[in-house]
Amino acid sequence: MSSTNPKPSTAVLDHDKVADQASTYVAKFERRETPLQRFKKFLHHYPIAAPLIVLLLAVISFSVIVGDRFLHPFNLSLVLQQVTIIGVIGVAQTLIILTAGIDLSVGAIMVLTSVVMGRMAVNHGIDPSLSILIGIGVGALAGFINGLLITRLKIPPFIATLGSWNVFFALNLWYSKSETIRSQDISNIAPLLQWTGQTIDFFGARLTYGSLLMLGIFFLIWYALNWTAWGRHVYATGDDPEAAKLAGIRTTRILMSVYVLAGVVCAIGAWVLIGRIGSVSPQAGTMTNLDSITAVVIGGCSLFGGRGSIYGTLIGALVVGVFRNGLALAGVDVLWQEFTVGILIISAVGIDQWIRRGTA
Amino acid sequence: MTAQYDKTPVLQTKNLVKRYGSVTAIDHADFELYPGEILAVIGDNGAGKSSLIKALSGALIPDEGEILLDGKPVHFSSPMEARALGIETVYQNLAVSPALNIADNLFLGRELRKPGILGSVFRMLDKKEMERRAKDKMTELGLMTIQNISQAVESLSGGQRQGVAVARSALFGSKVVIMDEPTAALGVKESRRVLNLIKEVRDRGLPIILISHNMPHVFEVADRIHIHRLGKRAAIVTPQSHTMSDAVAIMTGAMEVSESEEEAA
C-alpha cells in the first residue's frame, strides 16, 4: 500500500463520507473552569457533599464557640436522641418526596398511632407487643388511605395529605379524648412502649434503643432503595412517571407501596416518640411534619422527585440537630434557632438550584 | 426480490379493524413484516398509522381481524404482553429515566437479581451483571463512545439517549423492534448515528418497523416502505422502485398504485 500519493484517487462526494470526517465533538464548548465551577461540578456529582460540608463546618464552629461541652460524647449522643424522631419520620418523608410527592400528614399519623398504641396497652389491657403491631397496622392503613386519594382520586399529594392531616389529627383527639397517658402508668402496665427510650452506654455516649432503631430503619430503606428493583422503580416513578410506565413499571402500585410503607415507618416513629417523652400525648410532635420536610430538603432531595438519597436525610436531620443543640449551648434564644433553621432550608434549596443550573 | 420474502412474515395483520365511534382508524388493514428487514411505515397525519402501530405493540386492542406472530395468531391486551412475546417498542418521547444511569435504564422493569439466597430472599440486584451486559450490548452496537455505563442518562445528548433506548430494545426484543420517529428530535449528526444503529440492529437479525416522517431517512435505511392511507395500506414500495415524490404522491392520494404493480414491487 502506497501512502505517498497525497491526493485521493477517487473523489467521493457521498454525504456519508463527509459526515464521517466531521468533528466528533457535538456542541462542546471550550471553556476554562474556575475553581468555583469545579466545586459546583463536584457538588453536582456528589449531591451528598453539600449537606456533609455544612454538617462538618457546623460541628467545627460549635466546638470552637462552645468548647469541649459540645464535642463531649454525652452531648453528641443527646443530639442523636434529639434527631431520632425527625430522622425516622424523615425516612418516611424521603420515600414520598422521591416519588415527587409530599406528605403533610406524617406527624399526624405518628401521633395517632402513638395514641392507639398507648390506649390499647394501658386502657384496654392488650399485650404491649400486640398493641405496637396494631399501631403499625393503623399507620399502614393511614398510608393506604393517602395512597388511594393520590392514585385513585388523582388528588395532588399536597392537598390529599393536607386534608388527611386534619382528619387524622381530629381522630387522634377524639380517640384519646384529648387526655395524656401518664408516663408512670405506661411503665407500670406496658414498659415495652418505653423501651425505645432506654439507654445503653457506649464509650461515655448514651445511645437509646430508639436511636439504634432509627439507624436500622435507615439501613433497611437504604438497602431497599439502592439494591432492589423496587427501589429503582421508586426513583423512576418520581423521575418521569410516563417513562416509567412505558418501561413496564406499574407506577400506581409503586406509589401505593410507598405511602403504605411511609405509614408503617411513621408508626415506628410513634413508638420512638413514646420512648423519648415517656408519656403518650395527643399534642406531641405537632411540628414533626415540617421538621421532616426540612431534614429531607437539607439532605439534598429534590422536591421534584427522582433525585436524592436516604442518607442525605440522616445528615439533614443531624444538621438541624447540631444547629439547635449548638446554638442552645451557646446560650442563643430559641427564636434564633428557628431563624437559623429557616435560613438553612432556604440556603439548601438555593444551593441545589445553583448546582443544577448549567451543569446538567 | 430476495428469498426472505417467501418466508412466513414475522409479524402480520389480516383485515385489522379499529373504530372509535363513527371514525374508523384502521380499516381492514393488512400488514407484513418479513425476517431481517427494515420496513418503514409512512403516512400522512390521520392516516391511522399510529393506530396500526399501537395495535402491533399491544397498546390498542383491535375490533376485528387478526395479528399473527410467526404465523400464529396472538392477542395482546397490553404492551407488557407484546413485550413478553419479544416485540419491543422505542417511543418517540424517549422513554428513559433521566436521573437513572445507563445500566439501570436498560434493565428498568426487568432487573436481574443475584443468584441464590441474596436474590430470592433479599431481592438483591445483580448490578455487576447488569452493567456487564449493558456494556456488552452498547459495545456491540458501537455505542461505547459513552465513557461510563454508570453515568446518568441526563448527562447524555439526545442521540446518545436514543441510543440507550435502542440498545434496550435490542437487548430484550427477540422478534421485532418498533421504532416510532427515532430521529424526530435529533440533529443531523445524531440522526446519522441513530440510522446507522438501526441498520446495525437489522444486520444482527432483528426485523425493524420504522415509523418516520423524514423521507430521506426512510429512503436511506428502509428495505421496503409500507404507505398507509385512509386507515389501510395504500402501497408497498421500495426505495429502488419509487422515488420520494412518488411515495409522497401515494401518501396524499395524488397517485394510485394498482394491486398488480404493488405485487411487482
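Predicted model: local features only at pLDDT ≥ 70, side-chain atom pairs only at ≥ 80, totals over all residues.
Residues are numbered from 1 along each chain as its sequence is written, while chains are lettered from A and ligands numbered from 1 in the order in which they are written.

**View 1. Confidence along chain B, from helix α10(B) to strand β8(B).** Helices (H or I, at least four residues) and strands (E, at least two) are DSSP runs, numbered from the N terminus. Within chain B, confidence is lowest in helix α10 (residues 259-264), at a mean of 48, and highest in strand β8 (residues 208-211), at 94. The pLDDT is below 50 over residues 260-265 of chain B, and this stretch has seven contacts in the model beyond near neighbours in sequence; two residues are in contact if their C-beta atoms, placed from the backbone, lie within 7 Å. The model scores ipTM 0.81 and pTM 0.85.

**View 2. The open sheet of six strands in chain B.** The strand order is β6-β7-β8-β3-β9-β10 in chain B, with mixed pairing, where two strands pair if DSSP finds at least two bridges between them. The edge strands are β6 (87-90) and β10 (232-237) of chain B, each of which pairs on one side only, and the twist averages 20 degrees from one strand to the next. Axes are lines fitted to C-alpha atoms, for helices over the stretch in contact, and angles run from 0 to 180 degrees between N-to-C directions. Helix α1 (residues 49-57) of chain B packs on the sheet and touches β3, β6, β7 (176-180), β8 and β9 of chain B, its direction making about 145 degrees with that of β7(B). Helix α7 (residues 188-203) of chain B lies across β3, β7 and β8 of chain B and runs at about 155 degrees to β8(B).

**View 3. Strand β9(B) and its pairing with β3(B) and β10(B).** Strand β3 (residues 38-43) of chain B pairs with strand β9 (residues 224-229) of chain B in the parallel sense over five bridges. In β9(B), B:I227 is the bridge partner of B:I42, and B:H226 is that of B:V41. Five bridges also join β9(B) to β10(B), and these two strands run antiparallel, with B:V237 in β10(B) as the bridge partner of B:I225. The hairpin of β9(B) and β10(B) has two residues between the strands, and in this hairpin B:L230 takes a positive phi near 50 degrees.

**View 4. The hairpin of β1(A) and β2(A).** Strand β1 (residues 199-202) of chain A is joined by four bridges to strand β2 (residues 205-208) of chain A, the two running antiparallel. A:T208 in β2(A) is the bridge partner of A:T199. Two residues lie between the strands of this hairpin, in which A:F203 takes a positive phi near 50 degrees.

**View 5. Packing of helices α10(A) and α13(A).** Helix α10 (residues 209-227) and helix α13 (residues 251-277) of chain A pack at an angle of about 165 degrees, with their axes 10 Å apart. The two helices are therefore roughly antiparallel to each other (angles under 35 degrees count as roughly parallel, over 145 as roughly antiparallel, 65 to 115 as roughly perpendicular and the rest as oblique). The contact is made by A:G210, A:L213, A:M214 and A:I217 of α10(A) together with A:V265, A:I268, A:V272, A:G275 and A:R276 of α13(A). These residues divide into six nonpolar, two polar and one charged, where Ala, Val, Leu, Ile, Met, Phe, Trp, Tyr, Cys and Pro count as nonpolar, Asp, Glu, Lys and Arg as charged, and the others, Gly among them, as polar.

**View 6. Packing of helices α14(A) and α16(A).** Helix α14 (residues 288-298) and helix α16 (residues 334-356) of chain A pack at an angle of about 40 degrees, with their axes 9 Å apart, which makes α14(A) oblique to α16(A). The contact involves A:T294, A:V297 and A:I298 of α14(A) and A:V341, A:L344, A:I345, A:A348 and A:V349 of α16(A), and its residues divide into seven nonpolar, one polar and no charged.

**View 7. The side of chain A that touches chain B.** Here 20 residues of chain A are in contact with 20 residues of chain B. Helices α11 (229-239) and α12 (241-246) of chain A each supply at least two residues of the side of chain A that touches chain B, and α11(A) gives the most to that side, with five residues. The residues of this side of chain A divide into 13 nonpolar, three polar and four charged.

Note on methods: pLDDT = per-residue confidence, 0-100.
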